[in-house]
Amino acid sequence: MRVVIVGAAGRMGCAIREALAHRPEIQLAGAIDREADASRGISTDLDSVLRGADVMIDFSSPSSTAANLAACVRHGVAALVGTTGLGDEAARAATEASSRIPVLVAANTSLGVTLLIELVRQAAKALPADFDIEITEGHHRHKKDAPSGTALALGRAAADGRGLSFEAVRGSTREGEAPRRAGEIGFSVIRAGDLVGDHDVLFAGEGERITLGHQATDRAIFARGALKAASWLSGRAPGRYQMVDVLGLKTSA
Ligand code: NAD
């Protein structure tokens with residue numbers, strides 16, 4: 001299998017290249033970033049490296065997601081998008097592209113978080129609606145989007161478990177003295193040092209509380225998951241897929 005990495009000079013791009021060393025069956029067909037760097041085999045021409053590739057692995061920035069997906073459609077290449085903070089245009093582009101190629105958009109490609117999302121869905125379904133749900137996440141000081149894509153995915157799973165639309169119950173990061181709305185899912189954000197990614201989901205009732213959480217200590221977990229997902233995606237029928245499909249962790253919500 002041949003993969004193209006977009007965002008190849010970044011933290012995740014480097015982690016994926018390192019992880020490739022343990023997957024000899026996967027070849028690097030191209031490494032793309034904003035600026036070419038011949039010493040590291042990085043170029044800026046996505047179209048030329050997609051020719052003959054099987055999967056694009058994109059960990060770059062939301063501004064290029066739609067164009068990168070369009071390039072994958074032109075070349076019939078499967079797309080794994082790990083970039084977070086995607087807006088409406090990117091979401092629409094992913095849906096459109098999935099009628100022509102296999103597409104997997106994952107805010108978190110780790111096994112642990114994929115399982116956590118399913119556990120949160122189950123907990124939200126099982127617990128009474130008067131349990132408040134609060135999501136806390138922490139990342140390194142350079143992270144651009146907040147709350148993290150993973151925190152939003154956890155919120156979406158919790159809303160889904162309760163049979164509610166996430167948009168209707170999504171709370172903001174709390175400031176001032178406004179009281180909590182009943183049923184609102186709240187978010188708190190920490191940006192500090194070199195935190196790789198911490199997520200906790202608190203279910204708090206009267207007299208008891210449950211916390212489900214995950215701490216990432218090494219980016220290699222996202223890189224390994226991304227390569228696993230890319231292998232799984234290669235050769236699939238066009239459509240929209242999720243990490244839970246790749247890892248076989250689907251629970252009945
Ligand atoms: P980073 O800033 O270290 O790297 C991003 C790289 O992408 C940089 O080298 C940058 O130059 C490049 N880039 C940006 N725009 C580009 C464009 N238009 N074309 C080509 N290259 C471009 O960031 P990072 O920590 O590697 O994270 C990258 C993305 O992946 C972020 O959105 C982050 O939130 C997300 N992320 C996802 C997961 C996951 O499991 N899905 C895990 C960690 C990070």
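Helices (H or I, at least four residues) and strands (E, at least two) are DSSP runs, numbered from the N terminus. This is a predicted model, in which local features need pLDDT of at least 70, side-chain atom pairs count only at pLDDT 80 or more, and totals for chains, interfaces and linings use all residues. Residues are numbered from 1 along each chain as its sequence is written, and side-chain values use heavy atoms, with hydrogens and water left out.

Start with the chain as a whole. There are nine helices and 12 strands. The radius of gyration is 19 Å, close to the 18 Å that the globule rule gives for 253 residues, so the chain is as compact as a globular protein of that length. Here the radius of gyration is taken over C-alpha atoms, and the globule rule is 2.2 Å times the number of residues to the power 0.38. Along the principal axes, the C-alpha atoms fill a box of roughly 60 × 40 × 30 Å. Of the 253 residues, 46% count as buried. Buried means under 20% relative accessible area, exposed over 50%, and partly exposed in between (1.4 Å probe, protein chains only).

Next comes the ligand. The ligand is surrounded by 21 residues. The closest are Arg11, Met12, Asp33, Thr84 and Thr109. A residue is near a molecule or strand if one of its heavy atoms lies within 4 Å of it. By class, this shell has six nonpolar, 10 polar and five charged residues. Ala, Val, Leu, Ile, Met, Phe, Trp, Tyr, Cys and Pro count as nonpolar, Asp, Glu, Lys and Arg as charged, and the others, Gly among them, as polar.

An N or O atom in the side chain of Asp33 is 2.5 Å from a ligand oxygen. A polar backbone atom of Gly10 is 3.2 Å from an oxygen atom of the ligand. At Gly82, a polar backbone atom is 3.1 Å from a ligand nitrogen. On its own the ligand has 860 Å² of accessible area, and the protein covers 82% of this. Accessible areas come from the Shrake-Rupley method with a 1.4 Å probe; for residues, only the protein chains shown count as cover.

Now look at the loop between strand 6 (102–105) and helix 5 (111–126), where Ser110 lies. Asn108 has its place in that loop too. Asn108 is buried, with a relative accessible area of 10%. Ser110 is buried at 1%. The side chain of Asn108 reaches the backbone nitrogen of Ser110 at 2.9 Å. A polar atom of the Ser110 side chain, in turn, lies 3.0 Å from the backbone nitrogen of Val113. The side chain of Asn108 also makes a polar contact with the side chain of Thr150 (3.2 Å). A polar contact is a pair of N or O atoms within 3.5 Å; within protein, one must be able to donate a hydrogen and the other to accept it, and residues adjacent in sequence count only if both atoms are side-chain atoms.

Thr150 leads on to helix 6, where Thr150 is one of the buried residues. Helix 6 (residues 149–161) has 13 residues. From its first C-alpha to its last it reaches 18 Å, close to the 18 Å expected at 1.5 Å a residue. The expected span is 1.5 Å times one less than the number of residues. Helix 6 is mostly covered, with 10 of its 13 residues buried.

Both sides of helix 6 deserve a look. In the loop between strand 7 (132–139) and helix 6 lies Pro147. The peptide bond from Ala146 to Pro147 is cis, with omega near -10°. Just after helix 6, Gly163 takes a positive phi of about 70°. Most residues other than glycine have a negative phi, and most peptide bonds are trans. Gly161 and Ala126 are 35 residues apart in sequence and 8.1 Å apart in space, C-alpha to C-alpha. Ala126 is found in helix 5, and at 66% relative accessibility it counts as exposed.

Helix 8 (residues 220–233) has 14 residues and reaches 20 Å, close to the 20 Å expected. Its buried residues include Phe222, Leu227, Trp232 and Leu233. Just after helix 8, Gly235 takes a positive phi of about 85°.

Finish at strand 11 (residues 209–216), which holds Gln215. Gln215 is partly exposed, with a relative accessible area of 48%. Gln215 and Ser64 are 151 residues apart along the chain, and 29 Å separates their C-alpha atoms.
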